[in-house]
Amino acid sequence: MHAKRIVSFLPSATELMYELGAEENIVGVTHECIYPQQAKTKLRIINSVFDPEKMTSKQIDDKVSELVREGKDIFTVNEANLKEANPDLIIAQGTCAVCSAYTNEVNKALQILQKRPQVLVLDPHTIEEILGTIIEIAQKIGKEKEGEKLAESLKKELILSNPKMSKVKKCCA
């Protein structure tokens with residue numbers, strides 16, 4: 001069964017879903033989901049506990065370091081917006097607790113929701129794995145053909161720009 005109501009805790013996943021033509025299925029995003037422009041109109045499920053727009057990179061780094069050192073949250077879950085979004089799929093990342101919403105926020109979301117959604121945690125570390133996540137997301141949202149086409153197109157672009165990339169396995173098999 002394909003997900004119809006998707007919450008993205010990861011800006012790159014939000015962009016990818018727009019690229020795949022699934023923008024109507026996106027019902028919630030994070031404060032960091034600003035591209036494409038239409039993503040800004042979606043319900044904000046995740047927010048930062050501070051306003052990074054008003055801070056320098058150094059100030060952000062200092063603030064994040066302070067919060068981590070003190071065991072405090074970097075992100076908050078907007079409970080009302082999450083309940084309104086009522087997702088059947090949450091897409092998150094498993095790479096970095098500082099860069100984007102992570103395990104803590106996913107767990108909080110699952111505790112808030114009455115109906116447990118599917119959770120897709122992305123953790124790619126290679127170009128091949130990144131291309132594979134395109135296919136994985138596309139399968140979850142019923143956009144398999146679009147995902148295969150996009151992954152193959154990106155692979156071809158990579159090979160053209162760097163012939164050594166031709167060793168990347170076919171990701172869309």
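A salt bridge here is a side-chain nitrogen of Lys or Arg within 4 Å of a carboxyl oxygen of Asp or Glu. By this rule the count comes to six salt bridges. The model is predicted: local features need pLDDT of at least 70, side-chain atom pairs count only at pLDDT 80 or more, and totals for chains, interfaces and linings use all residues. Residues are numbered from 1 along each chain as its sequence is written, and side-chain values use heavy atoms, with hydrogens and water left out.

**Exercise 1. Work out the strand order of the sheet and find its edges.**

Step 1. Start with the elements: helices (H or I, at least four residues) and strands (E, at least two) are DSSP runs, numbered from the N terminus. Two strands pair if DSSP finds at least two bridges between them.

Step 2. Now read across the sheet. It is open, has six strands in the order β4-β3-β2-β1-β5-β6, and its pairing is mixed.

Step 3. Look at the ends. β4 (75–77) and β6 each have a single partner strand, so one side of each is left without a neighbour in the sheet.

**Exercise 2. Follow the chain from β1 to β2 and describe the surroundings of β2.**

Step 1. Strand β1 (residues 6–8) pairs with β2 in the parallel sense over two bridges. Here I6 stands opposite I26 in β2.

Step 2. Between these strands the chain passes through helix α1 (residues 11–19), and this β-α-β crossover is right-handed: with the strands pointing away from the viewer, the path from the first strand over the helix to the second runs clockwise.

Step 3. Turn to the next neighbour. β2 and strand β3 (residues 43–48) run parallel and are joined by three bridges, with V29 opposite R44 in β3.

Step 4. Check burial, which means under 20% relative accessible area, with exposed over 50% and partly exposed in between (1.4 Å probe, protein chains only). Five of the five residues of strand β2 (residues 26–30) are buried, so the strand is largely enclosed by the rest of the structure.

**Exercise 3. Examine two salt bridges within helices.**

Step 1. In helix α2 (residues 57–69), E66 and K63 lie three residues apart, about one turn of the helix. Their side chains meet in a salt bridge (3.6 Å, N to O).

Step 2. E66 is partly exposed at 27% relative accessibility, and K63 is partly exposed at 25%.

Step 3. In helix α3 (residues 79–85), E79 and K83 are four residues apart, or about one helical turn. Their salt bridge has an N to O distance of 3.2 Å.

Step 4. E79 is partly exposed at 40% relative accessible area, as is K83 at 47%.
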